[in-house]
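Hi everyone, thanks for coming. Let me put the structure up on the screen, and then we can walk through it together.

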Amino acid sequence: MTTTSRRRPAVLALALVAGLALAACSATADGTTGGAPAATRTVDSEFGEVELPTDPQAALGFYTTDVDILATLGIPLASSQPVRDGYAGFPSFFPQDALADVDTFVNFPEYSYEAVMAAAPDLILNGLGYDEEAVQRLAEIAPTYSVNAFDGADWRDKFRSTAAALGRTEQADAWFARYDARVAEVREQLDARGIHPRVAAIGWWNDQLQLSCYGVPCLVFADLGLDVAPLALQEDAALSLEQVDQLADVDVAVRSYEPGPAGEAADAETLRTLATSQVWSSLPFVAEDRYFRYDLEMDYGSPSGHAAFLEFLADSLLG
């Protein structure tokens with residue numbers, strides 16, 4: 001995920017405060033809501049020790065990638081889960097069987113703590129640990145495991161530690177095994193056909209071409225042993241349309257977009273703007289139609305998104 005600033009949520013409505021109070025009052029002295037106490041265990045997190053249910057039945061992911069992690073680990077989901085603004089539902093590459101009966105609510109970039117509470121989760125996975133206020137507020141709603149999943153590090157390291165904390169190491173290992181096997185297959189196909197391009201992730205915003213090696217694309221580039229354009233390895237590399245000749249060494253480029261009418265319109269407008277530059281239009285990866293686009297949600301680090309980007313890249317390179 002890009003590390004742009006997030007707007008803080010407005011002060012919660014009195015109804016939310018009242019709801020929290022009622023939830024607290026309804027609990028028995030042993031921390032349950034009646035009946036036998038649920039089994040729990042204490043685990044370490046980036047924010048200290050937390051007590052989590054050992055067998056959650058209604059887990060909620062605070063960001064969309066958290067939902068995918070829970071589903072991949074085989075943890076039952078609460079009946080409502082978040083998506084980011086602009087998305088009508090979950091990305092098509094998420095595990096649809098696990099999400100078949102799940103409703104959605106918008107929870108990014110603004111947070112809806114009311115909707116989180118209404119989902120009645122018994123466990124929350126929060127990957128937005130960079131927001132300390134969210135970490136604290138979510139812990140008041142349900143047992144919460146928080147991580148800063150968007151600190152620029154390889155998201156897979158956080159996935160492993162999260163799986164261990166939730167008692168789902170076996171499920172995580174199974175995902176890694178499937179992914180590694182697929183990487184080996186794609187590398188073999190690329191080698192057999194002599195396909196070894198120089199690649200880059202190139203976007204357009206703030207009237208500049210932006211190159212970055214943040215997130216999933218460069219992780220998959222590395223897994224496949226591809227040559228990343230040196231300019232893309234520089235921090236915050238940006239080019240004006242007058243500087244696009246510096247991309248002449250790029251063989252294949254990728255860009256993200258947001259599916260749906262608004263995203264389609266924005267992507268088309270970007271291409272029209274870039275096409276006003278004759279130098280851009282003459283670049284090999286542009287002239288030879290090797291500038292491929294992918295769903296924005298693949299960027300942000302989750303099992304299904306990462307695997308989907310691998311398939312997108314394999315399809316793009318192997319044709």
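**A walk through the model**

Let's begin with Ala120, which is exposed, with a relative accessible area of 52%. Please keep in mind that this is a predicted model. Ala120 sits in the loop between H4 and strand S6, residues 123-126. Its backbone deserves a look too: Ala120 has a positive phi of about 50 degrees, although it is not a glycine.

Asp289 belongs to the loop between helix H11, residues 284-287, and strand S13, residues 291-295. With 61% relative accessibility, Asp289 counts as exposed.

Now let me step back to the whole chain. The protein chain contains 12 helices and 13 strands. It has 319 residues, and 49% of them count as buried. If you take contacts between residues at least 6 apart in sequence, 64% of them join residues at least 24 apart. The chain exposes about 15000 Å², and carbon and sulfur atoms supply 51% of that area.

Next stop, helix H2. Is H2 largely enclosed or largely open? Nine of its nine residues are buried, so H2 is largely enclosed by the rest of the structure. Among those buried residues are Asp66, Val67, Asp68 and Ile69. Thr64 is also in H2, which covers residues 64-72, and Thr64 counts as buried at 2% relative accessibility. Leaving out residues up to four places away in sequence, Thr64 touches Pro82, Val83, Arg84, Phe90, Pro91, Phe94 and Glu297. Just after H2 comes Gly74, with a positive phi of about 75 degrees.

From there, let's hop to Phe105, in strand S5, residues 103-106. Phe105 counts as buried, at 10% relative accessibility. Its contacts, again leaving out residues up to four places away in sequence, include Pro82 and Val83, along with Leu60, Ser112 and Val116. Ala115 is another residue that Phe105 touches; the two are 10 residues apart in sequence and 7.1 Å apart in space, C-alpha to C-alpha. In the loop between S5 and helix H4, residues 113-118, you will find Pro109. The peptide bond from Phe108 to Pro109 is cis, with omega near 10 degrees.

Last topic: helix packing. Two packed helices are described by the angle between their axes and the distance between the axes.

Take H6, residues 155-165, and H7, residues 169-192: they pack at an angle of about 150 degrees, with their axes 7 Å apart. That makes H6 roughly antiparallel to H7. On the H6 side, the contact is made by Trp155, Arg156, Phe159, Arg160, Ala163 and Ala164. H7 brings Thr169, Ala172, Asp173, Trp175, Phe176 and Tyr179. By class, this contact has eight nonpolar, one polar and three charged residues.

And how do H8 and H12 cross? The axes of H8, residues 216-223, and H12, residues 303-318, come within 10 Å and cross at roughly 60 degrees. These two helices are therefore oblique to each other, and their crossing is right-handed. H8 contributes Val216, Pro217, Leu219, Val220, Phe221 and Asp223 to the contact, while H12 contributes His306, Phe309, Leu310 and Leu313. Those residues divide into eight nonpolar, one polar and one charged.

That's my tour, and I'm happy to go back to any part of it.

Conventions: Residues numbered from 1 in each chain as written. Predicted model: local features only at pLDDT ≥ 70, side-chain atom pairs only at ≥ 80, totals over all residues. Heavy atoms only, no water. Axes fitted to C-alpha atoms, helices over the stretch in contact; angles between N-to-C directions. Helix = DSSP H or I, 4+ residues; strand = E, 2+ residues; numbered from the N terminus. Parallel < 35°, antiparallel > 145°, perpendicular 65-115°, else oblique. Left-handed = near helix turned anticlockwise from the far one by under 90°. Contact = heavy atoms within 4.5 Å. Nonpolar A, V, L, I, M, F, W, Y, C, P; charged D, E, K, R; others polar. Buried < 20%, exposed > 50% of the residue type's maximum accessible area, 1.4 Å probe, protein only. Areas by Shrake-Rupley, 256 points an atom, 1.4 Å probe, with all protein chains shown as cover.
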